[in-house]
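Please work through the following exercises with the sequence and the three-dimensional structure at hand. Each task is followed by a solution in steps.

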Amino acid sequence: MRIEISSQRLQSDFVKKVEEISGQSLLSCNQCGKCSAGCPMSFAMDFLPNQIIRLAQLGLEGDVATSKTVWLCASCLICTIRCPRGVDLGRVMEALRLITLRKNIDYMEASKISADTLSELPQIALVGGFRKHTA
Amino acid sequence: MDLSYYPGCTLKTQAKGLEDATIASMAILGINMVEIQRWNCCGAAYSLADDDLAHHLAPVRNLIRVSEQGANKVGTLCSFCYNTLKRANLLMQKDGEKRKTLNDFMEEEMDYNGEVEVVHILEVLRDEIGWGNIEEKVKVPLRGMRIAPYYGCTLLRPQEVAIDEVERPTILHRLIETIGAEAVDFPFATECCGSFQIVSNPDSVTQRAWDILSLALRREAEALVLTCPLCYFNLGQRQKILVRRHSDFKGIPIFYFSQLLALSLQLDPQVCHFELSYGDPLLLLKGKKLVP
C-alpha cells in the first residue's frame, strides 16, 4: 500500500502524545521487524506491528486510526519481550488505542453482544475486552 | 501451612474446576488455601498507559486486603489475576511517585508499599512443595497419557513477572512428568490464544485455536494442559466450530493443571467439575481408566 507523506500530513503533536501515554521513545525502533515476525495476530492485520510503529514515528495519525492493527493486538507482549531495541510495543499499541478511545470512539458496542454470548463468556474475557476496546 | 488465596471472578463461575481441584490437591500436599475476605475484580487487563492510574486501584485494593488480613504472601490461580496483581505490586514497590498518588487517592485504606508477595500456585508446587514430594503423594500415575503443556501469555510476560524461563518454560512439563504422564513439546506452547479478542474478533480466535490445537495433535498429544480460564474457553469452546470446519478434526480435551493433579492424587473427580468442560474430557479419562 502506498502512503503519501507530506509536511501537511505529518503531525508531531501526535508523536508527542503517543510517547507521553506509552512512556516509549518511538524513534528507538529501527524497523527490524522482529515484533511482526512473532506476532500471533499478524495474520489478521492490515499493517504489521512494525509498520504501525513506522506510521507513528512519522506522525501519520489518520493512517494509524483507520488501521485494524491496534484493535487486533491481544496485548500478549511477545513483541515487548523480544524487541532488541527495548521498545515496549504493548504500551505503544495501548497508547494508540487510547488516543481513539479518549475521543469517545468505541471499537466495540457492548449492546451488540448477544445474550447467549454474554452468559457464555468468562468474566475475564468481558472485562478485558471492555477495557481494551471501549472508552 | 496456611496460604492466603485470591480466586478472582471466573474461578467462581466457569473455572470452578480449576479452583476446587486446586484447593483439594493442595490440602493433600499440606497447604491450606485461605480465601481472602472482601476481594474485588483484579481488573483483568493491566493498564499499559503511563497516565492511567485509576485501573491500578482494583488490583492494589486486593493486595491491601491480603496485607490487612495478616498475610505477606498471596497465591493466585487465574493467569490474568496473577498478572495484574503481580504487576500492580511491582508498580507499588518501584514507582514512588505513582505509589504516593494511589495511596493518597485511597484515603480510606492503609498505605501500601508492595509488602505482599504475589505467587502463582504452580510456583508453590515447584518451589515450596517440590516435585519430589508431589511424586511421593501420587497414587494414580497418569501413565501413557501424552499431554501438551500450554503456557499462554500472562504467566510469562512481561519478563519481570515470568514464573519461568520466558521463551522456554518447563514448569508445566515438570508437573506433567511428576504425575506420571508424558509432556509433549510443541512450538505454540507460549503463543497467545487470542485472549479477550474473543469478544470483538471471535474469528481471529478461532484461527488461533486451530493453529495451536492442530499442531498439538500433529505431535500426537492426547490433551492440552493449562492454567488460564480464558485460554481454556478459547481453546475449548472454539472446537465446536473447528469440528464443523475441518472434517478430520475430532477435538482434543483441555484440562486445568490441577484437574490432572487431583486425579493423580486419587481425589474424587467431582472436585474437577468436568461438567463445565467443553467437549468430552471424560472419554479420554475413562479410556485411560482414570475415572470410573
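**Exercise 1: The contact between the chains**

In this predicted model, 35 residues of chain B are in contact with 35 residues of chain A, where two residues are in contact if their C-beta atoms, placed from the backbone, lie within 7 Å. Residues are numbered from 1 along each chain as its sequence is written, and chains are lettered from A and ligands numbered from 1 in the order in which they are written. Because the model is predicted, local features need pLDDT of at least 70 and side-chain atom pairs count only at pLDDT 80 or more, while totals for chains, interfaces and linings use all residues.

Task: State which elements give two or more residues to the side of chain B that touches chain A.

Solution.
1. The elements are helix 8 (197-200), helix 9 and helix 10 (229-237) of chain B. Helices (H or I, at least four residues) and strands (E, at least two) are DSSP runs, numbered from the N terminus.
2. Helix 8 of chain B supplies the largest share of this side, four residues.
3. By residue class, this side of chain B holds 19 nonpolar, eleven polar and five charged residues. Ala, Val, Leu, Ile, Met, Phe, Trp, Tyr, Cys and Pro count as nonpolar, Asp, Glu, Lys and Arg as charged, and the others, Gly among them, as polar.

**Exercise 2: The domains of chain B**

Task: Determine how many residues each domain of chain B gives to the contact between domain 1 and domain 2.

Solution.
1. Chain B is assigned domain 1 (2-121) and domain 2 (141-287); the bounds come from an automatic or database domain assignment.
2. The C-alpha centres of these two domains of chain B are 25 Å apart.
3. Domain 1 of chain B gives 22 residues to the contact, and domain 2 of chain B gives 25 residues.
4. On the side of domain 1 that touches domain 2, helix 1 (16-28) and helix 3 (79-94) of chain B each give two or more residues. Helix 1 of chain B gives the most, with nine residues.

**Exercise 3: Backbone geometry**

Task: Find where B:Glu220 lies and decide whether B:Glu220 is buried or exposed.

Solution.
1. Most residues other than glycine have a negative phi, and most peptide bonds are trans.
2. B:Glu220, however, has a positive phi near 60°.
3. B:Glu220 lies in the loop between helix 9 (202-218) and strand 7 (223-226) of chain B.
4. B:Glu220 is exposed, because 11 other C-beta atoms lie within 10 Å. A residue is buried if 20 or more other C-beta atoms lie within 10 Å of its own, exposed if 12 or fewer, and partly exposed in between; C-beta atoms are placed from the backbone.
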